Amino acid sequence: MTQDQVVIVGLIGATMAMFLWGRWRHDMVALGALIACVVLGLVEPQAVFCGFGHPAVITVACVLILSYGLQTTGAVDALAQRILPKRAGPTLSIVALTGLAAVLSGFMNNVGALALLMPVAIQMSGKQGLPPGKLLMPLAFGSILGGTTTLIGTPPNLIVSGFRAESGAEGFAMFDFSPVGLVITVVGVLFVGLIGWRLVPMRKQSDAEGFDTGTYLSEVRILEDSKAVGRTLREVEHDLDEADAQIVGMVRHDLHLSAPNPGRILRAGDILIIEAEPESLASALSSLGLKLEEEVPVDRKDEPSEGEADQAEKGTGGEEGSAEESKGRKAESGEVVIRELVAMPRGVLVGRSATDIDLRSRYGINLLAVSRHGRRSVKRLRSTAVQAGDVLLVQGTPAALSGFAAEFGCLPLAVREIRVPRKGQALTATLVMAAAIGVAALGLLPAAVSFAAGALAFVAIGVIPVRSIYDAVDWPVVVLLGAMLPVADAMKSTGAADMIARFLLEYVAQGEAVVGLAVILMATMVLTDFMNNAATAAVMCPIAIGTAAQLGVNADSFLMAVAIGASCAFLTPVGHQNNTLILGPGGFGFGDYWRMGLPTDILVVCIGVPMLLWVWPL
C-alpha cells in the first residue's frame, strides 16, 4: 500500500466511524472529511467544491423542490383519497397503502411520500384496531423500496449514475433502474403487506390517549395565604420547575387561558392547571402553598369581585398585565385543541427545546408531553431537547399549531391537516412534474436541466412561493453529496478502491463474478443500515467499479447492485430517514426493525442478484 492509499483508507474509516457514532450531523462529518482530504493533499484545492456542481447534487435539490410542490398543492392527497380502499381488512389496506407509497416514492422524495401518508396510516390503524406501528413500518419500507425504481427515486441512484458517467459511459437513464427495482419493489410490497406486517412487534399506541394526559393534569387553586399571590406567572413557573412540574393553563373569572402571558400577576382565587408526574405532585403543591381544586372548601372558591380584581391588577406591571389580559381575552378564548406533532429528521426543531424557542410566549403553545420511543416523561419537559422522531403533544389554537408545525418542520399525526389549494393548482403541479420526467426519460435534456426547469416553472406559475423554494431543499443532504463526491474520487485516484476490490475478490469472492456481485450488494446493504445511504453509495461506487475491472466484467451490474443495496436500509432506525420518522409514532425501539427488516433484506438479495444478472449480464 502506498502512503496515499493508507491515508485515504484511514480517513474513510474514520469518516464511517463518525457516521455510525452519530455525534455530529452527516453533512458536517462529510465536510470535515473533504477539508481533511485537501489538507492531506488527496484533493486539489481548486477541485475541492466541484462536487456541489455535480449533476446528481443539482438533480436532488430540484427533485426536492418538485416534491414539495406536489405536497403543498394537495395533489397526493387527492390521489390517496381515490386509490386507498374505504372499507377493507388490514391486509388489503396495508398492501394498498404500501403500494401507493412505493409508487409515489418513484417520482418524488421518499421522505415526503412517507410524510404525506403517515396521518392516513394513523387513521387507518384506528379503524382496523391495530397499533400504529403495524401500518407505519410497512409504509416506511414501501416508500424505501419504491425509490429503487427510477433515477430520481432516491439520491443513491443519482450518485450511481454520476459515477457511471465519470467512468466514460453515459449516465443511467430515467427508467434504467426500473426492471430490477420494479420487481424487487412489487415482491417486497406483497411480502410486507401479506406477511411482513404480522412480524412487526406490538407496541403501545403513541396517540393522544397513549399519553394519558388526564391522569397528570391537575387543577389547583391559589389561596389567599399562598406564596403565589402577587407574583408573576414566570416566577411561579420557576419554582415549579424545581418540583418537575409545569403550568399548562389557568382560569380567571371563568375565562380559560390556554397559554397565559408569563408576566401575568397571580391573584387569590386563580386556578392553575399544572402537569406533573404523580410522585412530583405533592412537592409542587407544598412549594407554593397550593391546594387541589377538589379539596378547596366551597366557600373558599368565591371569586374576587370585578372591582377588587381591577384594583389588584394596578401597581407594578399593572398596566402591562391589564393590556395583556385584554389581548388574551381576544386571542386565547378561541378553540383550543390538543394535537400530536412528530419532529421531522431535517426540521429546525431538532436539537432545540421549548425554552430555546420561547414556545409559549412567542407561539401561544403549550408542550404537554414528549414521547420518545413510545415512552412518556414530563421531567423538565420545557428544557428537553427534541430528537428526530419524537412525538410532541401540544396544546393551542388550530391556527397557532398549524403555523408552528409549518415553521419548524413538524408533521401532524392525530389530526389530518386538509390543504385547500387554488383551483387547478394540483393538476398544474402534476402536469409540470410529468413533463419534467418525460423530457428526462426521452433524453431531450439531461435530468438535472429538466428538473431544474420544472422547479423554475413551479415558482413562475405560483405553485411554490419564492420565499419557500429554498425551504423545500434538504440542505444537509446537498452538502453531504457535494462533500463526499470529491472524497470518493480520491479513493479512485489513489488506487485505494482497486486495492479494496482485489481484497474482496481474493479473500471473499475468490474470483467468482457472481459471488463478487452478491458481496457488493450485501456489503452495501450492511453499511447503509448504519450510515447515510447517499454516503454509502459514494463510498461503494469506486469499489464496485474497481471490482468489476478486476474481474473483467460489466461494471453496470455492480453499480446497480450498489444502487439497490444503498436504498435497502431495513434493519435499524438510523439507516434511513423514513425509519427514523416512524420511531416515535410507532413506539419502536432500536431492535424492533430487524424482525421484518431481516426477511426483507434476504428477499432483496435472493431476487436482486438473479435480476441483476438477467437485466445487466456480466
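## The cores

The largest nonpolar core has 142 residues, and Ile8, Leu97, Met118, Phe451 and Ile520 touch the most other members. Such a core is a set of buried Ala, Val, Leu, Ile, Met, Phe, Trp, Tyr and Cys residues joined through side-chain atoms within 4.5 Å; buried means under 20% relative accessible area, exposed over 50%, and partly exposed in between, with a 1.4 Å probe and protein chains only. Leaving aside residues up to four places away in sequence, Ile8 touches Cys37, Leu42, Val487, Ala490, Met491, Thr494 and Ala496 (contact: heavy atoms within 4.5 Å). There's also a second, separate core of 20 residues, with Ala343, Leu349, Ala400 and Leu401 among them.

This is a predicted model, where local features need pLDDT of at least 70 and side-chain atom pairs count only at pLDDT 80 or more, while totals for chains, interfaces and linings use all residues. Residues are numbered from 1 along each chain as its sequence is written, and side-chain values use heavy atoms, with hydrogens and water left out.

## The whole chain

The protein chain has 26 helices and 10 strands, taken as DSSP runs numbered from the N terminus (helices H or I, at least four residues; strands E, at least two). Of its 618 residues, 55% are buried. For contacts with a separation of 6 or more, 79% join residues 24 or more positions apart.

## Helix 3

Helix 3 is mostly covered, with 13 of its 18 residues buried.
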